[in-house]
Amino acid sequence: MFESLERMPPDAILKLIAEYGNDPRDNKVDLGVGVYRDAAGNTPVFRAIKNAEQRLLDMQTSKSYLGSRGATDFCDAIQALVFGDNARHNDRVMTLQTPGGSGALRVAAGVILRANSDTTIWVSDPTWNNHVPLLGSAGVKLESYPYYDSAQNELRFDAMLDVLNKVPSGDIWLLHGCCHNPTGMDLSTGQWDEIIHVIAERGLLPFIDLAYQGFSDSLDEDAYGVRAMFDRVPEMIVAASCSKNFGLYRERTGSLTFVSSNADTTAIVSSQALNIVRTMYSLPPDHGGAAVTMILNDADLRNEWLAELNDMRKRMKEMRTIIVAGLGKKVPERDFSHIERANGMFSYLGVSPDQVAQLKQEYGIYLVDSGRINVCGITSDNVEYLCASIAAVL
Ligand code: LMR
């Protein structure tokens, strides 16, 4: 039977992990997959997570099944983190724990299909390279809207609004909550307000993917779009990830929140989501979520986590500054200032797929074919080499 199958190409981002790992060169640089790296190039476990895990080890008395929704105390804590106080005790809002942000996206796609299989999800052009495969393989129809002009390195806001004003009512508009992947270029608060106004007026369903809360300005500022949207629309979907802001990548910790116009509808949506979970993976993994809950509900652990998040944010901003300065010296005829204006981990470098291949083969510098870089791979030790190599291929 298996002879009938054809080989699938590897995922463009995940394949870089193995390629980089197998590269024997000492001076190799990983600007590929979206994981945080410290100044020594490591992706350490947060100290707050280690401490929470230690307490869990001492205190946990059972690993028996939880329900398909996961741990309710995790759902409450993460809902407060994402929505602030606005959603507290609001029976229009239901959050479930999911295997990472990807799991949340997949369950959301299932619910959307059951609600209306004719609806279209509009994704930004460009978007995270797994949005279309993940949502598309669930069977949802997808279209893209203009988001970023990679020649000018700026948002195509007017073109985006133009499409938003024309898509059929009832369609779904997927937005990145902050730290847009792959460009790092986010909507300003004023632009969020304009988008929210049109979405509310036109009866579209907003779907926000919040994978980097805390990586741009602060936990609250990075949730501006989610919270302002929540105040204005009757229905919305939010997928949130703890992979980056708690460093829990492989623990698969995330959440999915549905907001609907009344408590009865929310109860129905929940029952559909839980049915999808039960028939797909039964229930989410617990460990990462248990550590997150402990951190969010304990003042000392929370402060420790916030301080770590603060340091990470500072480092990402500093690396943006030093690479822009370095490239300015090596390639003075080009403007790289957009890298400093972007948020979170990613920016477009402005190199072609051939130049990406050359950077990899000749210099051991790994980035995604689109020219997306993860600024966490930059250090004060490798920035000179990086800039000289980029200048050479340009
Ligand atoms: C990325 O964009 O590199 C990360 O979100 C990791 C992934 O799963 O693609």
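Analyst: **The H6–H7 pair**

The axes of helix H6 (residues 157–164) and H7 come within 10 Å and cross at roughly 10°. Axes here are lines fitted to C-alpha atoms, for helices over the stretch in contact, and angles run from 0 to 180 degrees between N-to-C directions. The crossing therefore makes H6 roughly parallel to H7 (angles under 35 degrees count as roughly parallel, over 145 as roughly antiparallel, 65 to 115 as roughly perpendicular and the rest as oblique). Helices (H or I, at least four residues) and strands (E, at least two) are DSSP runs, numbered from the N terminus.

This is a predicted model: local features need pLDDT of at least 70, side-chain atom pairs count only at pLDDT 80 or more, and totals for chains, interfaces and linings use all residues. Residues are numbered from 1 along each chain as its sequence is written, and side-chain values use heavy atoms, with hydrogens and water left out.

Now the contacts, meaning heavy atoms within 4.5 Å. On the H6 side are Phe157, Met160, Leu161 and Leu164. They meet Gln191, Glu194, Ile195, Val198, Ile199 and Arg202 in H7.

A cis peptide bond links asparagine 181 to proline 182, with omega near 25°. Cysteine 179 is in the loop between E7 and H7 too. Its phi is near 50°, a positive value in a residue other than glycine. Most residues other than glycine have a negative phi, and most peptide bonds are trans. Cysteine 179 counts as buried because its relative accessibility is 1%. The cut-offs: buried means under 20% relative accessible area, exposed over 50%, partly exposed in between (1.4 Å probe, protein chains only).

Two other spots carry such backbone features. Aspartate 125 and proline 126 are joined by a cis peptide bond, with omega about 5°. Proline 126 sits in the loop between strand E3 (120–125) and helix H5 (131–137). Arginine 252 is not a glycine, yet has a positive phi of about 50°. Arginine 252 is placed in the loop between strand E9 (236–241) and strand E10 (254–259). Its relative accessible area is 29%, so arginine 252 is partly exposed.
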